[in-house]
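Let's take a walk through a protein model together, one step at a time.

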Amino acid sequence: MSIVELAPPAPPGPTIARPPRERTTSWPLADRIGYWLCWMVGIGLCLIATAVVLFMFVKGISYLHLDMLVQSPAASGIQSQSGGFWDPIEGTLIVAVLGTAIAAPLGVALGAWLSEYGRPSWLARMVESAIEIIAGAPSVVLALFGLIIFAQSFLGFLSQNASNGAVYGRSFFAASAVMAVLALPLVVASTREALEQLPDRLREASYALGRTRATTIRRVLLPAIRPSIATGSVLGMGRIIGDTAIIRLLLGVSLTTQGVGHVPLIGVLRGTGATLTSYVYENSRAGEGDAPQKAYAAAFVLLMIVLALNALVTWLTSGRERGGERRARLAGLRLSWVPWTR
Amino acid sequence: MRAHRTLIVSTILALILAIPAAAAGRRLIIDGSTSMLPLVQKLATAYHKAYPHVQAPKIGGGQTAIGIGDAASGRADIGDASRDPIPGVDPKGLVFSKIARDGICIITNSANPLPNLSQETVQEIFTGSIRDWSKVPGASASGPIDLFDRDGASGTQDAFQNIFLGETLRISPSATAESSEGLEVNAVGADKSAIGFVSFAATINGGVHTVNYQGIQCTLRNAKSGQYGGVRNFWMVTKGAPKGAAAKFINWVVKPGNKTVRSIVSSEWIAIH
Amino acid sequence: MAVLAFIGAMVVTVFVKAWPSFSHNGLSWFGPGGDVDEQLRAMQRDIALSGHSIYYFRAWPLLWGTLLTTVLAVLLALAISTLAAIFLTEFAPPAIRRTLDPVIRLLAAVPSVIYGLIGIEAIAPWINEHLISSHRKASVGYVVQLNGNNVATATLILTVMILPIMVAISTNAFLAVPASWREGSVALGVNRWRTIWRVSLRTARPAIIAATVLATARALGEAVMLAMVAGGRGFAPNLLDGLTALFEPARPLAATIFQNAEGLTIPVLAHTVYAIGAVLLASAAMLSLAAWASKQRLKRYGVRA
């Protein structure tokens with residue numbers, strides 16, 4: 001879905017005179033039904049989309065007070081009276097940042113390897129299919145896998161240990177790691193696409209100057225596709241922020257951030273907490289809180305964050321073609337200037 | 001690559017920092033009964049206030065059976081159980097420490113303020129013999145009865161069956177099973193034809209109507225005096241006798257002269273001393 | 001490479017953890033037999049149901065629930081998205097086209113928990129009030145209770161969730177139909193609708209199939225929204241009930257995993273849940289394969305999907 005872009009409609013050719021708009025009254029009945037069905041569906045789609053967005057906006061704004069953004073949630077069970085959702089916001093930020101920080105370097109490395117090396121080819125194909133499988137796998141299954149890994153005793157320092165040495169296995173570390181796996185395919189796809197679109201002469205010029213393939217990738221190609229990497233990372237971050245299943249399985253079912261141990265940052269990361277998504281779930285009618293007002297407010301904040309990320313992606317993508325082309329053009333110009341040394 | 005190297009170095013640094021943290025103080029892990037959840041959370045906060053250098057225990061839910069299982073296998077330090085131990089069913093070697101007593105109320109939606117139910121009617125409704133509100137005297141709702149039950153892992157369900165239904169009768173399988181106390185209250189509060197059962201504490205802010213049982217109102221006073229029949233025990237379960245941090249917490253909770261604990265428990269539950 | 005080993009390990013571990021459940025139940029794991037919720041509850045209490053091993057599990061109601069919701073949602077989405085794509089490429093005035101573009105992208109970006117929230121707070125109560133009468137309730141009351149959380153609500157919201165992907169890919173496909181083919185058809189005197197129906201649709205068919213496969217994968221993996229809205233009971237809606245079957249609760253596979261998240265510390269329950277996860281993983285892998293195969297065909301038409 002991230003790779004799909006809606007192309008602008010083709011402009012009419014200047015030389016072909018368009019015939020007058022065909023009147024549908026002359027069509028047979030079946031065709032007319034089809035025509036009107038299309039119109040109904042189209043308008044219906046508009047209406048549904050507007051309804052969803054408007055509903056969330058109206059409900060969200062009516063229940064959102066600014067102090068909710070900075071207060072912690074109250075003790076469970078009395079959600080509707082007091083408290084805010086600062087802890088869930090904190091949780092969302094932690095998971096998003098940590099998950100993307102893990103996924104981005106890995107994804108870029110994988111994408112670069114796949115597009116530049118790709119040998120032996122059976123390995124490359126397997127890696128490709130593996131990434132496809134991850135992209136299509138439900139997030140619950142990824143979370144299940146994460147549970148197995150992080151419940152192993154040698155990874156106990158990443159979460160808590162209970163009395164008999166059984167590892168609790170749920171923490172921000174665990175959730176972020178699995179989220180990284182979730183975001184990986186998006187980053188890989190963006191990187192690969194962008195690398196494949198770079199003109200060959202960049203690479204050839206770099207080799208001609210005596211650089212190895214690895215250095216070329218690192219110094220020439222990757223900087224050239226920086227916007228694409230950014231796009232992929234932001235898309236991955238969007239996917240991470242919107243996911244609830246992994247959080248529910250791997251971050252415990254609490255509403256406040258509860259750290260472990262006394263070390264400042266690591267303590268929080270080893271502990272459990274909530275994110276906006278699990279907070280919305282817990283406060284809806286399906287969860288314990290039964291504070292739909294809070295759920296709507298939190299959902300509104302979540303929606304705003306996701307929309308902001310989407311706008312960011314659109315902005316990055318619109319600049320991408322121009323930036324990349326410009327760079328490639330400049331690179332070509334620059335290279336044609338340089339007298340061949342060596 | 002450079003990005004990789006920075007990542008590896010920072011990860012190693014983080015791990016090095018984490019190791020002493022692993023050795024330092026751990027929190028107690030407590031999970032189990034969802035009916036006990038509000039009580040144990042309040043106790044945990046008060047415990048941390050009384051002993052600031054000890055981190056407050058971490059409380060989870062999951063229902064009684066999960067709590068007992070986790071205590072037995074060591075995944076949790078203490079398990080919360082809202083039903084009495086069952087000899088053949090519970091794992092061996094567990095020690096149950098009573099911390100409070102609690103009343104179970106039958107609840108209906110506030111649009112259906114049922115005044116009273118006899119034991120016979122309760123049994124008929126919950127086993128499914130009576131399916132329609134028209135057959136229940138005093139009901140303002142009409143149409144089919146929506147039964148709400150608790151999950152199989154729930155201690156409240158066990159207690160309800162033993163106290164209200166007796167040994168042989170079982171709740172109708174067509175009832176909707178909710179997996180926690182909060183969900184049960186929500187469900188009954190949202191459905192006009194609903195009837196269910198929860199602990200007394202959950203009815204305080206719940207927005208549901210509590211039904212008198214056998215003519216006695218379901219209040220804390222009636223439960224304390226013994227007039228109201230539906231009272232059950234709250235236990236904290238450990239594998240073997242409580243040890244270490246768990247022992248400190250449990251001893252603090254059950255100590256006879258502890259005024260803080262007594263005032264917390266007496267607010268919505270029945271103290272054992 | 002390390003990533004490959006990681007993914008291989010993931011697949012292997014899930015299947016290894018799932019094996020006990022499969023080995024104790026054999027192929028009848030997939031069959032019907034008893035109440036799924038009962039079986040899960042028995043595992044939670046760590047006691048065996050009478051006459052069976054503690055691993056006893058018959059997943060058919062879950063499989064049937066998944067099948068019902070997924071197939072209905074995909075079929076509905078297919079019809080709607082094709083018509084919508086035709087609308088967007090052929091009939092829509094440019095103003096509508098320009099507004100609908102970002103709107104569809106927005107729909108695709110909304111997290112599933114928000115869809116679940118809207119469903120459970122707004123749509124389910126509405127359906128409960130208006131479409132489920134006392135008579136309908138009483139007709140199945142001895143087996144199951146009806147409320148707003150049912151197959152119908154779940155299917156509706158699932159359709160809205162998978163529409164954006166399908167509309168986007170279908171639109172791309174229709175735009176990629178060579179203009180000369182369409183103009184040739186119009187030149188022969190065929191009216192626009194028939195041109196679209198006969199020429200464009202047939203050309204776009206591979207892309208639409210690819211879109212359907214992608215959408216099915218998304219629908220299969222949807223756990224949160226369905227856990228909130230589909231009813232939460234492992235009940236197999238009985239088609240013999242007629243239209244009432246749409247109002248019966250169900251619980252697809254992914255939602256089952258989600259709802260049993262807290263019980264995963266119990267070994268037997270864990271094995272069963274992992275078995276469900278293995279089934280999901282296998283179907284996701286098969287769908288990925290199908291998607292890859294259909295995308296290969298797409299490359300001929302130069303459609304990016």
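Chain B has an average pLDDT of 83, and 91% of its residues score at least 70; pLDDT is the predictor's confidence in each residue, from 0 to 100. What you're looking at is a predicted model, where local features need pLDDT of at least 70 and side-chain atom pairs count only at pLDDT 80 or more, while totals for chains, interfaces and linings use all residues. Residues are numbered from 1 along each chain as its sequence is written, and chains are lettered from A and ligands numbered from 1 in the order in which they are written.

Helices (H or I, at least four residues) and strands (E, at least two) are DSSP runs, numbered from the N terminus. Over residues 20–24 of chain B, pLDDT stays under 50. Chain C has a mean pLDDT of 80, with 93% of its residues at 70 or more. The model as a whole scores ipTM 0.81 and pTM 0.81.

Now for chain A, which has 12 helices and 0 strands. Of its 342 residues, 51% are buried, meaning that 20 or more other C-beta atoms, placed from the backbone, lie within 10 Å of a residue's own.

Let's zoom in on helix 7 (residues 213–224) of chain A. At 1.5 Å a residue, its 12 residues should span 16 Å, and the end C-alpha atoms are 15 Å apart, which agrees; the expected span is 1.5 Å times one less than the number of residues. In this helix, A:Ile217, A:Leu221, A:Leu222 and A:Ala224 are buried. They cover an arc of only 130° around the axis, so they sit on the same side of helix 7 of chain A; the arc is that of the directions from the helix axis to the C-beta atoms.

What about the largest nonpolar core? It has 275 residues, of which A:Val178, A:Ile246 and A:Ala299 touch the most other members. Such a core is a set of buried Ala, Val, Leu, Ile, Met, Phe, Trp, Tyr and Cys residues joined through C-beta atoms within 7 Å. Helix 5 (residues 172–197) of chain A gives the largest share, 18 residues.

Finally, 73 residues of chain C are in contact with 62 residues of chain A, contact meaning C-beta atoms, placed from the backbone, within 7 Å. Helix 4 (residues 94–109) of chain C gives the most to its side, with 10 residues.

Methods
Two residues are in contact if their C-beta atoms, placed from the backbone, lie within 7 Å. A residue is buried if 20 or more other C-beta atoms lie within 10 Å of its own, exposed if 12 or fewer, and partly exposed in between; C-beta atoms are placed from the backbone.
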